[in-house]
Amino acid sequence: MTTTSPPVMHPRPRPFGRALCAMVTPFTDGGSLDLDGARRLAERLVSEGCDGLALSGTTGESPTLTDAERSALVRAVTEAVGDRAAVVAGIGTADTRHSVQLALEAEKAGADGLLAVTPYYSRPPQDAVEAHFRTIADASGLPLALYDIPGRTGTRIEPETMLRLAEHPRIVAVKDCAYDLLGTQKVLARTELAYYTGCDEYVLALYAVGGAGYVSTVANVIPRHFRSIIDAFDVGDTDEAARLQQRAIPLTELMMASGLPGTVTTKALLNALGLPGGPVRAPLQPAGRGTTDGLLTAYERLTAAG
């Protein structure tokens with residue numbers, strides 16, 4: 001029996017909306033940037049319920065993009081979606097000076113916000129992590145989201161560091177891939193930071209404890225389904241929200257926990273569906289036929305069920 005409660009009110013600020021997609025970067029068959037494909041994909045995602053698009057992140061193959069490609073991508077997507085969605089530009093690198101340069105270029109290109117990952121490879125201590133993010137936030141007039149993904153960078157943004165960074169007026173959000181729900185709740189309880197989960201299996205879990213929403217890779221292919229999870233929760237239909245979250249798990253597992261990067265599986269499925277995606281850039285390699293067939297089967301089962 002479905003339990004429906006009064007609408008859930010979220011007083012916490014949501015600077016980029018609730019439902020964001022970590023958009024892939026479409027390439028042509030020859031491997032160059034496909035700006036027309038980016039426009040078409042962005043338009044589809046927004047029309048299917050995305051409040052915002054995060055560009056040039058992990059899913060967007062940021063390590064292989066040139067600075068000029070990043071700026072061109074922001075311009076193309078902002079032209080396509082106008083004021084219907086927030087465009088958040090990934091500008092994080094292992095080099096603070098380079099990140100500042102990218103932040104300024106993204107602002108000039110028309111981005112609504114910035115997303116900066118913890119410096120990777122050098123594994124800086126927490127005081128250096130804090131200084132890195134403060135330098136970026138000071139350089140631009142755009143709101144900044146911190147991207148905490150220690151599994152890729154090797155360095156966590158520790159909760160105490162997050163609390164200090166929350167004092168900066170332009171540090172407004174976090175893309176949370178730390179897999180530490182306790183640490184996240186400590187920061188939620190003491191700051192106004194908008195926490196967006198970057199882990200598709202945690203969409204409902206983080207939202208239910210006060211998160212702002214999500215930045216989803218799987219939403220590249222099922223944007224409306226993921227939006228429906230938080231929509232159901234917001235009207236108090238928690239049973240339906242849980243059902244929708246659980247229904248997405250088979251596809252989410254294949255896309256995000258199959259041993260292949262999410263970019264690879266997402267592009268394989270987008271290409272199979274005739275949607276803009278194109279190849280991945282080396283060192284990534286395309287998914288095999290068997291993987292693609294499995295993704296397509298899971299997608300068809302999910303969408304057929306409604």
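On a 1 Å grid over the protein atoms alone, a pocket is an open set of points with protein on both sides within 12 Å along at least five of seven lines, a cavity is a set where a 1.4 Å probe fits but cannot get out, and lining residues have an atom within 4 Å of a point. Points are joined across faces, edges and corners, and a volume is the space filled by probe spheres set on them. The model is predicted: local features need pLDDT of at least 70 and side-chain atom pairs count only at pLDDT 80 or more, while totals for chains, interfaces and linings use all residues. Residues are numbered from 1 along each chain as its sequence is written, and side-chain values use heavy atoms, with hydrogens and water left out.

Twelve residues line the second largest pocket, and V221, I222, R224, H225 and T303 are the ones nearest its centre. Two or more lining residues come from each of the helices α9 (223-234) and α13 (289-305); helices (H or I, at least four residues) and strands (E, at least two) are DSSP runs, numbered from the N terminus. The greatest contribution to this lining is that of α9, with four residues. By class, the lining holds five nonpolar, four polar and three charged residues, where Ala, Val, Leu, Ile, Met, Phe, Trp, Tyr, Cys and Pro count as nonpolar, Asp, Glu, Lys and Arg as charged, and the others, Gly among them, as polar.

The largest pocket contains about 910 Å³ of space. Its lining consists of 42 residues, of which T58, T59, Y147, I149 and R152 lie closest to the centre. At least two lining residues are supplied by each of β4 (113-117), α5 (150-153), α11 (249-256) and α12 (262-272). Among the elements, α11 provides the largest share of the lining, four residues. The lining of the largest pocket divides into 18 nonpolar, 16 polar and eight charged residues.

Rings of Phe, Tyr and Trp (its six-membered ring) pair if their centres lie within 6.5 Å; planes under 30 degrees apart count as stacked, over 60 as edge-to-face and the rest as tilted. By this rule the structure has four aromatic pairs. One of them joins F16 and Y196 in a tilted arrangement, with 6.5 Å from centre to centre and 35 degrees between the planes. F16 belongs to the segment before β1 (19-22), whereas Y196 is in strand β7 (residues 194-197), so this pair ties together parts of the chain that are 180 residues apart in sequence. Both partners are buried (under 20% relative accessible area; exposed is over 50% and partly exposed in between, with a 1.4 Å probe and protein chains only): the relative accessible area is 5% for F16 and 2% for Y196.

The pair of Y179 and Y202 is edge-to-face, with 5.5 Å from centre to centre and 80 degrees between the planes. It links distant parts of the chain, 23 residues apart: Y179 lies in the loop between β6 (171-176) and α7 (181-190), and Y202 lies in the loop between β7 and α8 (203-208). Y179 is exposed, at 53% relative accessible area, and Y202 is partly exposed, at 29%.

A further ring contact involves a charge, which sits over a ring if NZ of Lys or CZ of Arg is within 6 Å of the ring centre and within 35 degrees of the ring normal. The charged end of R281 is placed over the ring of F27, 4.1 Å from the ring centre.

A282 and P283 are joined by a cis peptide bond with an omega of about 20 degrees, and P283 is located in the loop between α12 and α13. S56, although not a glycine, has a positive phi of about 55 degrees. S56 is situated in the loop between β2 (52-55) and α2 (67-81), and it is buried at 4% relative accessibility. E61, which is not a glycine either, has a positive phi of about 60 degrees. E61 is likewise found in the loop between β2 and α2 and is buried, at 3% relative accessibility.
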